[in-house]
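Here is a short tour to follow in your viewer, one selection at a time. Could you open the structure and get your selection tool ready?

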Number of protein chains: 2
Amino acid sequence: MESQEKFVQHIASKAEDFSQWYIDVILKAELADYAPVRGCMVIRPHGYALWENMQALLDARLKATGHKNAYFPLFIPESFLRKEAEHVEGFAPEVAWVTKAGSEELPEPLVVRPTSETVIGHMYSKWIKSWRDLPVLINQWANVVRWEKTTRLFLRTSEFLWQEGHTCHRTADEAEEETLKILDIYRRFLSEDLAIPVVAGVKTEREKFAGAVRTYSVEALMSDGRALQAGTSHNLGQNFAKSFDITYLDEDNELKHVWQTSWGVSTRLIGGIIMVHGDERGLALPPRVAPIQVVIVPILAGAARDAVLAAVGSIRERLSKVCRVEADCREEYSPGWKFNEWELKGVPIRLEIGPRDLKAGQVVLVRRDTGEKTAVPMDGLESAVTDLLDDVQKGLYQRAQRFVDENTRFAEDYDSFKETIESHRGFIDAPWCGDSACEAAIKEETGVTIRCLPLGRPSKPGKCIRCGKDADTWVYFARAY
Amino acid sequence: MESQEKFVQHIASKAEDFSQWYIDVILKAELADYAPVRGCMVIRPHGYALWENMQALLDARLKATGHKNAYFPLFIPESFLRKEAEHVEGFAPEVAWVTKAGSEELPEPLVVRPTSETVIGHMYSKWIKSWRDLPVLINQWANVVRWEKTTRLFLRTSEFLWQEGHTCHRTADEAEEETLKILDIYRRFLSEDLAIPVVAGVKTEREKFAGAVRTYSVEALMSDGRALQAGTSHNLGQNFAKSFDITYLDEDNELKHVWQTSWGVSTRLIGGIIMVHGDERGLALPPRVAPIQVVIVPILAGAARDAVLAAVGSIRERLSKVCRVEADCREEYSPGWKFNEWELKGVPIRLEIGPRDLKAGQVVLVRRDTGEKTAVPMDGLESAVTDLLDDVQKGLYQRAQRFVDENTRFAEDYDSFKETIESHRGFIDAPWCGDSACEAAIKEETGVTIRCLPLGRPSKPGKCIRCGKDADTWVYFARAY
């Protein structure tokens, strides 16, 4: 017989080797695995259940604001990609090409969608006739492919899952309003559901989406001090409307081009959750998206075994009405092994119950985020658990927000900027003249990019850290994933 | 100004031109549209919302039986497809090939998944070690591509959406049990949620899945008398386990190959819903999956306009707690136009309210399936509506079942078989000797295929309609989509 007790999974130390820790957490918590095709991943059930919860919450926010889902085709004719000049330049180097079907060469190669502005633009030009057809507010959940040179599970994979919204409006103002509305939905989704605080801002011209007039993003700070672009919302202006001839007859009987937006978040956010909340013991999932919110681990030793098992059954039944609960009653693993296993998998609350608890009419609740243990009476257990889930959700957010606050520093000149980068990571809030040449030089010289120009801040006098010219725009810099 | 009143959409007569009627319903009810890539479709919001409801109901049935969702990659190395001999023979002629990424030729061409047994088999061989890891019960919702020569919206498209389950078991019996369990889930999903009665049975050797030991299917009868294979459940035996070396260490310390199943239903089912329930007025959706279950159409003429609008708001609010309701208060369209529009789109119940109803403290409910009108008091409206939704759901099922009953005929010899085919369509229940040669000849000579060998029927003596040999197996024949 093989050993009844598997060893607890070993993961690298987060403090000593963050990159290896990240991969270990993903593989050993069984969130994902490497696929046999270079740069692709398999999302395993634990990771996919997390994604499903994220989808459900974001989808509800999008539907509550009038957006509807649809599905557009995976394949895009090559000629479509070429219709918008910046767009093809941005995406052509990284697209996968279908050139053959069965044993026949295709007359025109097809692109596996890297994003769907073009094919959706083509359909919109068919569907939209009159001002009465506007706005069009459509989203799709889909897989997309971008052939990346260097890949990393969840953060940058050749195929990933995402949602992409594509809207059409009557006026430039409405499109801008939509772009910002979505940015705010992303901000709230990240902060309220994923417990990830973000900085919302505008991308620079250099960093904007290929084909957009203006790109907004929400930027999050990972616990190694590097930034993650967590979601983008693009004001496309009339660029695609002109390339794809998307027009409508307005009330004044004139034919006009629509104004468009597009926006998306992807499975990359799972990487964000891992890197913001995880710790030396593994994953720590925000309760609102955790596939299992409470895991019951009974202490099954001795004569009370059957009584404890019965209690587990009834607790599970009760809690299943208020949260996502599972009981781990496997007897081939020790409670200690299970504690480690479920901590690694990030379950927000562990509920322990043994013979002594049974006698005392209580259970022990253990928070994943702080490790804090509380004995809780069996009466009113439901509200104790749901309250604690709320506390964990808030606790994770506050810890992450504190980390951002502590790791956002000012720099007024290039020396202190470079010193700050050397001595630690995080956001650096510094003045920039607005010139792409300075931006490029800073990236070249330091590896740091402008994450965004944060929204809603008053201008503040300063001098561009690179060229020294007057600059009243302060921007967030960081090393980024 | 353009005309304020769009003309009601014209659709072909179902009785006179079923094929055109089918396409008209799809395009004009805005379920789907043709994509710019040959054989591909765009699923529009009304169609996609229907699919989302179908997904949610089937997904819940699968999760309730212990299945978990995951996501496997879109691309499959060519070499994988070649590992299972029958499988590659079945799928190679219709796969799309990715041969280039960016500007580089790939070292090994990739197949865009037509189904995922091979790539999932590869992962299972990595993941499964011990009998404790079994069973593995994984499902995925995904897009797949099969380059079809002739295509038809929803029924046969180059890309379609589906779920594909892939399970591994310790014994042959367990795999067979799973195969049948899923078949029963499909049967209940079809009959209870989609109101489509089905015949569950085994496919012949000729018609089974490429690589399976045995394929089961649920077969439905469309209202033009042709059959639709609505879902399949395959017992894969150890075919893929041997090709992909999926083994586990059993309790007896021996290394054994797992036993597998796979099964799927697709967006093709939307075609089934249209063809089973639709009528001359368009689509008729089963309430359980209808995106809009109740549409409120107010009569807004005269002095009571504002009072009627206020009543619509409060009715909508009340009903939104018990069903999916929308109010169509557009004033640029007449009530009559809206009646037609929402009938075309298949909404199960129309709720009319006008000044006279308001005075009488009532509304009028109109069933989409029968056209029956009932005046219902405002008090207790919620339960009147939910009861009526149940009635419509049952009514659609019963009508469809009656149609199957009336269109299933016996044939004891080839002459009467051929006569029956000529004179009408539908299922023909006839004896067959079990020989593939007879099966092929019948298809060749009549265009009719064996849909399945229905399950759970006692054997009955007869003579094969083609060769005249003794045959105690009666099977269902039909022309099929």
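**A tryptophan pair in chain B**

Start by selecting Trp141(B), which counts as buried at 12% relative accessibility. The model you are looking at is predicted. Trp51(B) belongs to helix 2 of chain B and Trp141(B) to strand 7 of chain B, so you are seeing a link between parts of the chain 90 residues apart.

**Along helix 2**

Next, show helix 2 (residues 45-64) of chain B together with helix 8 (residues 268-277) of chain B: their axes come within 11 Å and cross at roughly 105°. On the helix 2 side, pick Gly47(B), Leu50(B), Trp51(B) and Met54(B); on the helix 8 side, pick Leu269(B), Ile270(B) and Ile273(B). By class, this contact has 6 nonpolar residues, 1 polar and no charged.

**Across to chain A**

The whole structure holds 28 aromatic pairs over all chains. One of them is Phe75(A) with Trp147(B), a tilted pair with 6.0 Å centre to centre and 50° between the planes. Phe75(A) sits in strand 4 of chain A and Trp147(B) in the loop between strand 7 and strand 8 of chain B, so this pair joins two chains. Are these two residues, Phe75(A) and Trp147(B), buried or exposed? Both are buried.

For a last stop, select Phe72(A), Tyr124(A) and Trp127(A), which form one aromatic cluster.

Conventions:
Residues are numbered from 1 along each chain as its sequence is written. Chains are lettered from A and ligands numbered from 1 in the order in which they are written. This is a predicted model: local features need pLDDT of at least 70, side-chain atom pairs count only at pLDDT 80 or more; totals for chains, interfaces and linings use all residues. Side-chain values use heavy atoms; hydrogens and water are left out. Axes are lines fitted to C-alpha atoms, for helices over the stretch in contact, and angles run from 0 to 180 degrees between N-to-C directions. Helices (H or I, at least four residues) and strands (E, at least two) are DSSP runs, numbered from the N terminus. Contact means heavy atoms within 4.5 Å. Ala, Val, Leu, Ile, Met, Phe, Trp, Tyr, Cys and Pro count as nonpolar, Asp, Glu, Lys and Arg as charged, and the others, Gly among them, as polar. Rings of Phe, Tyr and Trp (its six-membered ring) pair if their centres lie within 6.5 Å; planes under 30 degrees apart count as stacked, over 60 as edge-to-face and the rest as tilted. Buried means under 20% relative accessible area, exposed over 50%, partly exposed in between (1.4 Å probe, protein chains only).
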